Amino acid sequence: MRWWHIDPVLLLEHRLFPEDAWSAGMFWSELAHARGPERTRHYVVATTPEGTLAGYAGLAAAGITGDVQTIAAAPEHQGTGLGSRLLRELLGAASTFGCQEVFLEVRTDNEPAQRLYRRYGFEPVGIRRNYYQAAGQDALVMRLDHTEPLRDERTGSTGSTGRTAGDRDADADRRHRARPGG
Ligand SMILES: CC(C)(COP(=O)(O)OP(=O)(O)OC[C@H]1O[C@@H](n2cnc3c(N)ncnc32)[C@H](O)[C@@H]1OP(=O)(O)O)[C@@H](O)C(=O)NCCC(=O)NCCS
């Protein structure tokens, strides 16, 4: 994802997360940390051959811990494997960052997303009450042990390398950025 994707990303963001969409500033801030040798973010977009935005996703890394910040497939592209491809891309980036575990928050009522995460080995580790305040919804916190190769049976594995990441953003910053709309 580059800065010129932010406008179409925001359109999709508001379609998919109408109650708590990220602002342009939040995406700009994330992308500011996605380049250079000290980068701590990995953001990607998926586009159609015609160049229309089909989905996007982002990961934050802090030391050995990664966080799925956001993952979204346009409704007309859902159920086509796009969510899986985006997640695999993030987990590949987590390997490159040297993350040995990956966390995410997902709304407790978001069954399709939870199925996707479970398929890739994420396991529930807790509940954050009223995490999505605008919607009055709790978050399920899920964790992936990323020391093992990926184990999605249908789509194969991106594997896991062991490069150790440098200093990462503070834990508090990571939490501040945690996807509010999952
Ligand atoms: C969660 C989300 C990213 C998943 O994306 P997706 O593209 O639908 O994901 P996939 O296509 O990889 O998998 C979804 C389903 O489609 C199925 N599928 C995958 N490829 C398929 C294909 N070629 N044909 C038919 N079905 C297919 C998968 O088996 C899966 O089935 P299941 O849900 O019964 O397990 C998407 O639903 C989304 O953007 N939701 C709104 C935003 C959101 O909630 N994001 C998560 C925030 S935490």
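Which helix does Leu-91 lie in? Leu-91 sits in helix H3, which spans residues 82-97. This is a predicted model, so local features need pLDDT of at least 70 and side-chain atom pairs count only at pLDDT 80 or more, while totals for chains, interfaces and linings use all residues. Residues are numbered from 1 along each chain as its sequence is written, and side-chain values use heavy atoms, with hydrogens and water left out.

**View 1. Leu-91 in helix H3.** Helices are DSSP runs of H or I with at least four residues, strands are runs of E with at least two, and both are numbered from the N terminus. Leu-91 counts as buried because its relative accessibility is 0%; the cut-offs are under 20% for buried, over 50% for exposed and in between for partly exposed (1.4 Å probe, protein chains only). His-146 is 55 residues away from Leu-91 in sequence, yet the C-alpha to C-alpha distance is 8.3 Å.

**View 2. Backbone atoms facing the ligand oxygens.** There are 21 residues around the ligand (a heavy atom within 4 Å), and among those that come nearest are Ala-73, Gly-81 and Gly-83. A backbone N or O atom of Gly-81 is 2.6 Å from a ligand oxygen. For Ala-73, a polar backbone atom lies 2.7 Å from an oxygen of the ligand, and Gly-83 also has a polar backbone atom 2.7 Å from a ligand oxygen. On its own the ligand has 930 Å² of accessible area (Shrake-Rupley method, 1.4 Å probe), and the protein covers 71% of that.

**View 3. A salt bridge between Arg-41 and Glu-30.** Here a salt bridge is a side-chain nitrogen of Lys or Arg within 4 Å of a carboxyl oxygen of Asp or Glu, and the count comes to eight. The N to O distance for Arg-41 and Glu-30 is 2.9 Å. Arg-41 belongs to strand S1 (residues 41-47) and Glu-30 to helix H2, eleven residues apart.

**View 4. Glu-105 paired with Arg-128.** The closest N and O atoms of this salt bridge are 2.7 Å apart. Glu-105 comes from strand S4 (residues 101-107) and Arg-128 from strand S5 (residues 123-132), 23 residues apart. Glu-105 is buried because its relative accessible area is 8%, whereas Arg-128, at 31%, is partly exposed.

Note on methods: Polar contact = N/O pair within 3.5 Å; in protein donor to acceptor, adjacent residues only side chain to side chain.
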